[in-house]
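Please read the following numbered points beside the sequence and the structure. They begin with the packing of helices and then turn to confidence and to individual residues.

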Amino acid sequence: MSLQILAVDDSRTIRDMLNLTLNQAGFTPHLADDGVHGIEVLEDMSPPPDAIITDINMPRMDGFGFIEAVRKIEKFRAVPILVLTTESAAELKQRARNAGATGWIVKPFEPKKLVRALQMVTG
Amino acid sequence: MMDEDDPMAEIRASFFVECEELLEALQDGLQIMDDGEADDETINIVFRAVHSIKGGAGAFGLEDLVRFAHQFESVLDGVRSGTIEADRNAISVFFQSGDILGDLVRAARDDDVADDSRIQGVMSSLTAMLGADAQEEETEEEVSDFQPMGLSLDLGLDIGDNDAPALPDLPDLDTTPPPATTAVFEDGYTIHFLPDSSLYASGNEPLHLLRLLREMGDLDVTCDTSALPSLSALDEEKSYLSWTIHLTTDEDEDAVRDVFDFVADLCTLTITGPGKPGPGLPPTDAPSSPSTTNEGATADVSFNPPQDSDISPEASVALKPDDVADVKTAPAPVTSSAPAKKPAPSASKSTKPRPTVRVDLERIDRLVNLVGELVINQAMISQSVMETGLQTNSKVSEGLDEFMQLTRDIQDSVMMIRAQPVKSLFQRMSRIVREASSMVGKSVRLKTEGDATEVDKTVIERLADPLTHMIRNAVDHGIETPQDRIAAGKPEEGIVTLSAGHRSGRVIVEISDDGAGINRDRVLQIAIEKGLVPENAQLSDSEIDNLLFMPGFSTASEVSDLSGRGVGMDVVKSAILALGGRVTIQSNPGKGTVFTISLPLTLAVLDGMVIDVSDQTLVVPLSTITETLTLMGPDIRALGPQTNVIKVRDSFVPLLDLGFELGFRSPLESYVGSIALLIAQEDGNHAALVVDSIQDQRQVVIKGLQDTFGRVPGVAAATILGDGKIALILDPVDVVANADGRTRSLKSDLRLAG
């Protein structure tokens with residue numbers, strides 16, 4: 001079975017691009033609009049996704065909140081989470097890391113790098 | 001699933017659509033800020049809108065857009081964090097920035113170039129707001145772009161987890177230095193990698209990193225298990241293993257470091273370049289965690305450390321409280337310390353857009369057309385069933401009633417698909433007001449009301465030009481200069497209000513200003529000068545106001561930059577009439593002027609009056625009829641052969657025989673007892689059209705004739721009636737206008753068409 005990837009971003013354009021990139025790489029994308037939606041999608045996923053990609057700046061629940069929420073759910077504690085962000089400031093990365101992020105990709109992302117990063121965290 | 005043509009092109013197109021939505025959200029947010037009703041979430045929405053535009057633009061390499069959005073975003077970030085105050089001036093710059101962002105988006109979409117001088121002006125305003133401090137921060141951020149992570153080489157600080165007193169039962173502390181490099185390699189890299197416990201907590205996995213390294217070249221890996229306690233003493237959430245890796249590769253050191261990019265701050269890492277012997281891990285790095293299984297500590301591991309599963313990432317998220325306490329001395333990140341501090345963002349204020357589907361407009365129009373056919377068909381069946389004399393309570397009749405109800409519901413729903421809120425249109429107008437007011441040196445504010453009102457997409461599109469013109473007029477002519485306003489005891493800032501709403505099945509759009517109202521003396525004088533009205537004409541106030549709509553009338557005594565574009569209100573009026581709309585004007589001296597536009601909900605159906613004349617059935621758009629009359633003898637006055645007028649209340653209006661005008665018959669001897677429709681003309685005058693009888697008022701589906709017949713004078717379109725007959729939809733204003741000219745040739749055309 002192909003890798004199941006949950007991608008959370010409030011921008012439709014980025015979601016479309018993630019969808020395309022993931023599909024082309026042979027992954028199965030699951031998409032969500034924001035953190036709250038992400039949790040909803042996640043709860044419906046069985047088994048858990050192989051990895052999660054999330055944006056930081058989102059309405060309702062931002063990326064930090066989302067990662068923390070995911071890490072609080074027992075069965076998602078170990079799912080690799082990549083942060084997709086335009087901010088490359090170290091402080092933001094640190095916040096993401098503190099929230100429980102596995103790694104990050106700076107937007108605009110290169111599809112190859114994204115796929116590689118996913119392969120890296122999923123093994 | 002994917003469009004096979006070019007999915008990126010499709011995403012790009014969709015990006016620009018999304019940009020428009022984001023720009024709209026941006027405008028909304030700025031408006032709320034401008035109204036002084038903004039809360040934190042408003043500023044967040046504004047920030048996110050710009051941020052998302054920047055994000056998408058970056059993906060498509062739209063550099064101009066990214067650059068401007070980035071600057072705008074930085075300022076908004078300052079507002080968000082409280083370092084920049086969003087005062088009136090700032091918000092005005094934000095509005096301009098929003099406009100420019102829109103320009104840049106559209107320029108990128110259309111492969112056009114945006115007006116650079118304006119951009120630079122606003123850009124420097126934004127830069128000025130950022131101030132000197134922020135500029136420095138900016139630079140720092142740029143730098144950090146290239147050095148995503150500072151590698152922590154301060155090993156003493158990083159082992160906070162490792163020497164945590166979590167294993168009190170352990171017999172002795174073995175401080176033996178780790179088995180450092182056993183060989184000095186002449187080429188390749190030597191990497192010492194000691195993960196923190198938090199590395200596992202973040203969902204990372206050393207195995208994956210080793211695999212990545214293997215892809216880069218030949219790998220020789222040694223796993224140091226010396227720190228591993230006995231199974232009983234093992235804390236499954238702790239990190240006990242370290243690796244010494246020798247990598248022979250052509251890649252440069254940065255590429256090697258990239259592999260550890262995500263974990264650089266979650267481990268102790270040394271990478272030694274080719275030719276240099278690895279320094280080994282300094283003694284402080286020694287896993288001070290006690291170890292009882294020290295012998296044979298160094299084991300050659302391929303890529304699958306046997307301990308892998310023991311300390312798999314499932315292990316850990318929360319460290320024990322004493323661990324956390326212990327970490328105080330260690331600035332190294334500890335996963336568990338954060339969640340407690342930061343409350344999850346509130347999930348209130350749902351701004352999530354409803355899910356939508358984008359559909360080609362052509363498909364919708366096809367559907368609209370088909371539903372139109374369905375409505376006609378249904379009417380025809382109903383009529384034939386009625387003609388068979390079936391009782392109304394028969395099963396067939398009842399079924400047919402339900403069918404009719406359903407068809408109407410379907411028709412309404414289909415029309416709704418084409419409907420859009422007028423909001424985007426109104427937002428465009430706020431820009432017009434900003435630009436127009438700054439051009440004429442007035443302070444004007446646009447208020448909008450009812451911008452959720454939905455109108456047919458085509459109506460919205462075709463309303464943009466007339467509305468733009470009317471708004472410009474309101475700013476240019478309606479609102480007084482600041483001095484005049486103050487002299488009149490009004491606030492310096494003028495207000496133009498744009499409102500929309502539904503009223504009795506039509507859409508009403510009002511443009512009002514709180515200016516001086518129409519200067520009627522001046523208007524009348526101009527009209528006389530231009531020969532539009534006779535010199536001694538006695539006109540009512542409303543007649544004078546309506547002179548504004550006359551072709552050739554322009555009030556601008558000095559042609560200003562703004563309204564003086566050769567487009568008069570007459571063009572506005574005909575654009576609105578072409579949409580099946582009407583426009584009226586109401587002016588209150590000293591208080592302002594209101595223009596009211598009344599529009600049909602859709603262009604696909606029309607409220608019509610079905611009439612008969614000379615055995616022909618015609619449909620007259622209800623919107624053009626002001627009233628219907630039965631002609632009484634004394635009201636009719638003959639002015640000459642074939643020229644009659646009738647007296648309607650206090651004025652006389654020309655009486656035209658529709659049958660004659662359309663070439664169906666010769667003029668009648670007498671029109672006493674005939675029925676006449678009073679038609680309002682564009683100039684505010686009226687004319688009466690004589691018909692034989694009025695059948696019905698109903699909605700008819702408009703079938704264009706233009707494609708087949710071109711433009712037929714006096715005829716707007718055609719429709720199919722319930723009995724299957726085709727009826728022409730009249731353009732009564734055109735009929736009246738043609739009658740004035742008395743062009744016979746047109747009538748023979750009509751005879752053919754009819």
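1. In this predicted model, helix H1 (residues 7-34) of chain B and helix H2 (residues 40-59) of chain B have axes that come within 8 Å and cross at roughly 155 degrees. Helices (H or I, at least four residues) and strands (E, at least two) are DSSP runs, numbered from the N terminus. Axes are lines fitted to C-alpha atoms, for helices over the stretch in contact, and angles run from 0 to 180 degrees between N-to-C directions. H1(B) and H2(B) are therefore roughly antiparallel to each other; angles under 35 degrees count as roughly parallel, over 145 as roughly antiparallel, 65 to 115 as roughly perpendicular and the rest as oblique.

2. What is the hand of the crossing of H1(B) and H2(B)? The crossing is left-handed, a term used if the near helix is turned anticlockwise from the far one by less than a right angle, whereas clockwise gives right-handed. Among the residues that meet are B:Phe15, B:Leu22 and B:Met33 in H1(B), and B:Ile45, B:Ala49 and B:Ile53 in H2(B). The residues of this contact divide into 13 nonpolar, four polar and one charged. Here Ala, Val, Leu, Ile, Met, Phe, Trp, Tyr, Cys and Pro count as nonpolar, Asp, Glu, Lys and Arg as charged, and the others, Gly among them, as polar.

3. H2(B) also packs with helix H3 (residues 63-81) of chain B: the two axes come within 9 Å and cross at roughly 155 degrees. That angle makes H2(B) roughly antiparallel to H3(B), and the crossing is left-handed. The contact includes B:Phe47 and B:Val50 of H2(B), with B:Leu65 and B:Phe72 of H3(B). Its residues comprise 12 nonpolar, four polar and four charged.

4. Within helix H3 of chain B lies B:Val75. Is B:Val75 buried or exposed? B:Val75 counts as buried, because it has 26 C-beta neighbours inside 10 Å. A residue is buried if 20 or more other C-beta atoms lie within 10 Å of its own, exposed if 12 or fewer, and partly exposed in between; C-beta atoms are placed from the backbone. Leaving aside neighbours within four places in sequence, B:Val75 is in contact (C-beta atoms, placed from the backbone, within 7 Å) with B:Ile84, B:Leu126, B:Met129 and B:Leu130. The C-alpha atoms of B:Val75 and B:Thr127 are separated by 8.1 Å, although these residues are 52 apart along the chain.

5. Chain A has five helices and five strands, which run β-α-β-α-β-α-β-α-β-α from the N terminus on. Of its 123 residues, 64% count as buried. In helix H4 (residues 90-99) of chain A, the buried residues include A:Lys93, A:Arg95 and A:Ala96. Just after H4(A), A:Gly100 takes a positive phi of about 120 degrees.

6. Confidence needs attention in chain B, whose mean pLDDT (the predictor's confidence in each residue, from 0 to 100) is 74, with 76% of its residues at 70 or more. Over residues 136-185 of chain B the pLDDT is below 50. Where pLDDT is low, the predicted coordinates should not be read in detail. The model scores ipTM 0.84 and pTM 0.55.

7. A note on conventions follows. Residues are numbered from 1 along each chain as its sequence is written, and chains are lettered from A and ligands numbered from 1 in the order in which they are written. Local features need pLDDT of at least 70, side-chain atom pairs count only at pLDDT 80 or more, and totals for chains, interfaces and linings use all residues.

Key: Contact = placed C-beta atoms within 7 Å.
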